[in-house]
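Dear colleague,

I am passing on the structure we spoke about, with a short account of what was found in it. Please look it over before reading on.

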Amino acid sequence: MDSPTPGESVVEVRDLRYTISGRTIFDGLNLSVRRGAITAVMGPSGTGKTTLLRLLMGAVRPDSGVLSVFGKEPARLNRVGIYALRRRVGMLFQNGALMSDLDVFENVAFPLRAHTRLPEPLLRRLVLMKLQAVGLRGAAELDTSALSGGMARRVALARAIVMDPELLIYDEPFVGLDPISLGVILRLIQTLNATLGITSIVVTHDVEEISRIAHCSYLLANGKAAAAGSPAELRATAAPVVRQFMSGLPDGPVPFHVPAPDYREQLMQDP
Amino acid sequence: MSGNFHPLGNVLAKAGRVGLFFVRVLGQCVPALNYPRLLIAQIFNAGARSLIIIMLCGLFVGMVLALQGYDLLQRFGSESALGVAAALGLVRELGPVITALLFAGRAGTSLTSEIGLMRATDQLTAMEMMAVDPVRRVVVPRFLGGIIAMPLLTAIFDVIGIFGAQLIGVGLLRVESGSFWSQMQSAVQMRDVKEGLVKSVVFGVACSLVAVYEGFHAEPTAAGVGLATTRTVVISAVLTLLFDYLLTAAFLNS
């Protein structure tokens, strides 16, 4: 896959530290996302991938270090500033997070109605165009409860791009999809990135899928970026935790067993 | 001794949190009026959908009042005051209180579980991420809808209740229809109606606030939403009866 011409970075993370209730999530994390690229953020469960997204969106604040989005630090912004920042960012949630009291059309129209005063005919055309882009123009009148998991995620994607964001964040976009829906989402991420020039961050643990489209990947482990580079470079990395993750080995630096008292002792013990 | 202290501290801490949330909700009330469609939908949800149960219960309460009232009044030979007794009891006391209790069970629980499930399915977080304040978009319309619906429901409860009392008092127990109505007309003052109205608005604020607070702060799990729904009913009922006592005392004093 060709890398886009290295442009300015949209997201910069330097020496980030973040702890929550005594547990260190990030300890010296460095990461940067180039404009126009698809950047994958991978890592075993519990390495703070979703926490990173919350930090990017200004939902939580880091303990120390620098985290900037479009050159602004969410941690230093007030509520108005954070909301202004969020309008430039689209986010696709793992389960879609569609509004259950609105139909498909109104879900996609939701950000437009909240932030713009577009005349109804124009709004309708915009929504239909975004639905067409994800192949669901025919489902505009459906209730969200009538959608399959894959369709719900595509509706959520249409909603995420309806404000024409500069940065699009995908939180685990491949989880729980059948191979066809997965292929559709994968192609959509790539198409949206290429045709609209949207910078994309994909948080996932599906190594195979994301390797096919990502320009750059980060692998998080132990609060740091354990490896960074193209998917091929990641595979060639010798660090044990990277090898375990990329090859899907059940045991390694991330142990198979949760720490427990001695097995024999516990079995022989009288309750 | 210290064991008794902690629950009180918890109650006070919770009251403080609800108070802060109340201020946040009030701050968003005016901007939320820009979306009249959302508000109307919620008045329909809380009001129109509670109508049947309110009317049915109003009818039964009125009928029981007539039976009990007649039994009591005839001992003093003043059955003709049945209309007054039923109307005053309903307008000042039973109407607002029972409507509020029914409202908590019917509309309050559905508000709590709806908002709680929105939290559990990330809908509220998604709104935050789309730079939409969920308090303005989700909480305030439901809160205001409840406050507007409560006095309307109370008025309907009162009217149906009086009709039920007349049904039994005049129709079954043969109280004279003329004195039933004329005594009611001369004895029930605007002051009494005002007392009922004030009570129903206060109960509306309390019950709606509890319902949206519990939903908004529900733990995002199945068990958490269930617990929050239960708390809504319990806290609403206790607050309703507490405020009822305070307001009654205040009105009798004035």
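What percentage of the 254 residues of chain B count as buried? The figure is 44%, where a residue is buried if 20 or more other C-beta atoms, placed from the backbone, lie within 10 Å of its own. Please bear in mind that this is a predicted model, in which local features need pLDDT of at least 70 and side-chain atom pairs count only at pLDDT 80 or more, while totals for chains, interfaces and linings use all residues. Residues are numbered from 1 along each chain as its sequence is written, and chains are lettered from A, with ligands numbered from 1, in the order in which they are written.

Chain B has nine helices and zero strands, the helices being DSSP runs of H or I with at least four residues and the strands runs of E with at least two, numbered from the N terminus. Its C-alpha atoms fill a box of roughly 70 × 55 × 35 Å along the principal axes.

Leaving aside neighbours within four places in sequence, B:Glu214 is in contact (C-beta atoms, placed from the backbone, within 7 Å) with B:Thr112, B:Ala228, B:Arg231 and B:Thr232. The C-alpha atoms of B:Glu214 and B:Thr230, which are 16 residues apart along the chain, are separated by 9.5 Å.

Between the chains, 13 residues of chain A are in contact with ten residues of chain B. On the side of chain A that touches chain B, the largest share, three residues, comes from H3(A).

With best wishes

Terms used. Two residues are in contact if their C-beta atoms, placed from the backbone, lie within 7 Å. A residue is buried if 20 or more other C-beta atoms lie within 10 Å of its own, exposed if 12 or fewer, and partly exposed in between; C-beta atoms are placed from the backbone.
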